[in-house]
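Subject: Structure handover

Hello,

The structure is below, followed by notes on what was found in it. Please read them alongside the coordinates.

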Amino acid sequence: MRCTGTIFQREINAYFLSPVAYVVIAVFMIFSGYFFSVMLGITQETTLRYSLAYTQFILSILAPVITMRLFAEENKTGTIEPLMTAPVTDFVVVFGKFLAAWALYNIMIAPTAFYIIFLAWVGNPDYGAIIASYIGLVLMGGLFISIGLLVSAVTKNQIVAAVIGIVALLILLVIGLASAGNEGWFYSSVRYIGTYDHWETFTKGVVDTRDVIYYVSFTALLLFVVVRIVESRRWR
């Protein structure tokens with residue numbers, strides 16, 4: 001755990017010693033604030049459900065920006081080599097980087113708590129739905145970060161890593177949306193793979209075990225793949 005903490009501290013410091021963290025947080029707050037105010041004005045309901053419907057799209061773009069440098073930069077500069085020869089396991093390296101990126105993601109969404117305070121001031125929001133939505137946000141963030149981490153691990157260019165990560169996440173969003181309302185095993189399978197239905201369930205105030213398993217299992221699987229990719233570099 002001490003080694004994981006060291007990697008985590010190294011990466012989180014790197015975020016806040018560069019403009020990345022501040023730019024990502026600022027961009028997220030601008031767009032999330034815009035959608036919150038617009039949807040509140042349109043629906044006149046004290047809920048986050050409608051504004052959060054756009055959040056997955058925003059996060060699909062910003063999550064790969066958070067993860068793009070984690071391995072791609074080190075692969076390009078060669079600084080990954082000293083890290084691989086250090087007395088730490090590949091899992092520790094991957095998990096430490098994952099936790100740092102996930103922490104920045106959660107820091108990014110934390111200021112949206114002010115929306116809850118505002119809703120409580122002007123009305124009587126459904127706190128159960130809000131809590132479920134934030135559980136979904138955290139779990140979805142883990143999946144998005146793990147996908148971005150995987151892309152970063154197989155590239156040497158941060159921009160390429162960001163673009164591929166964004167495309168991959170948008171595809172997962174689109175296939176879920178495109179298959180909505182269609183029947184049959186094929187569309188059911190596509191909906192399960194896509195992220196839209198799993199996220200929408202949380203915004204309705206439902207914490208479904210199937211959705212939790214979806215996020216946790218896919219995140220764990222992707223981290224396992226990243227560890228294997230990093231491990232393979234030791235033998236090159």
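A residue is called buried here when its relative accessible area is under 20%, and exposed when that value is over 50%. The model is a predicted one. Phenylalanine 35, with a relative accessible area of 17%, is therefore buried. Tyrosine 54 has 38% relative accessibility, so this residue counts as partly exposed.

Aromatic pairs

A pair of aromatic rings is described by the distance of the centres and the angle of the planes. The count of aromatic pairs comes to 12. One of them joins tyrosine 34 and phenylalanine 35, edge-to-face, at 5.4 Å centre to centre with 65° between the planes. Phenylalanine 35 also pairs with tyrosine 54; these rings are stacked, with 4.6 Å between centres and 5° between the planes. Because phenylalanine 35 belongs to helix H2 and tyrosine 54 to the loop between helix H3 (49-52) and helix H4 (55-67), this pair ties together parts 19 residues apart in sequence. Elsewhere, ring pairs link Phe36, Tyr115, Phe118 and Trp121 into a cluster.

Helix H8

In helix H8 (residues 113-122), the buried residues are Tyr115, Ile116 and Leu119. They span an arc of only 100° around the axis, which means they lie on the same side of H8. Their cover includes helix H2 (20-43) and helix H9 (127-153). Exposed residues Phe114, Ile117 and Trp121 are on the face of H8 turned away from the buried side.

Charges over rings

The charged end of arginine 69 sits over the ring of tyrosine 15, 5.4 Å from the ring centre. Likewise, lysine 97 has its charged end over the ring of phenylalanine 71, 5.1 Å from the centre.

Regards

Conventions. Residues numbered from 1 in each chain as written. Predicted model: local features only at pLDDT ≥ 70, side-chain atom pairs only at ≥ 80, totals over all residues. Heavy atoms only, no water. Buried < 20%, exposed > 50% of the residue type's maximum accessible area, 1.4 Å probe, protein only. Helix = DSSP H or I, 4+ residues; strand = E, 2+ residues; numbered from the N terminus. Arc of directions from axis to C-beta. Contact = heavy atoms within 4.5 Å. Phe/Tyr/Trp six-rings, centres within 6.5 Å; stacked < 30°, edge-to-face > 60°. Lys NZ or Arg CZ within 6 Å of the ring centre and 35° of its normal.
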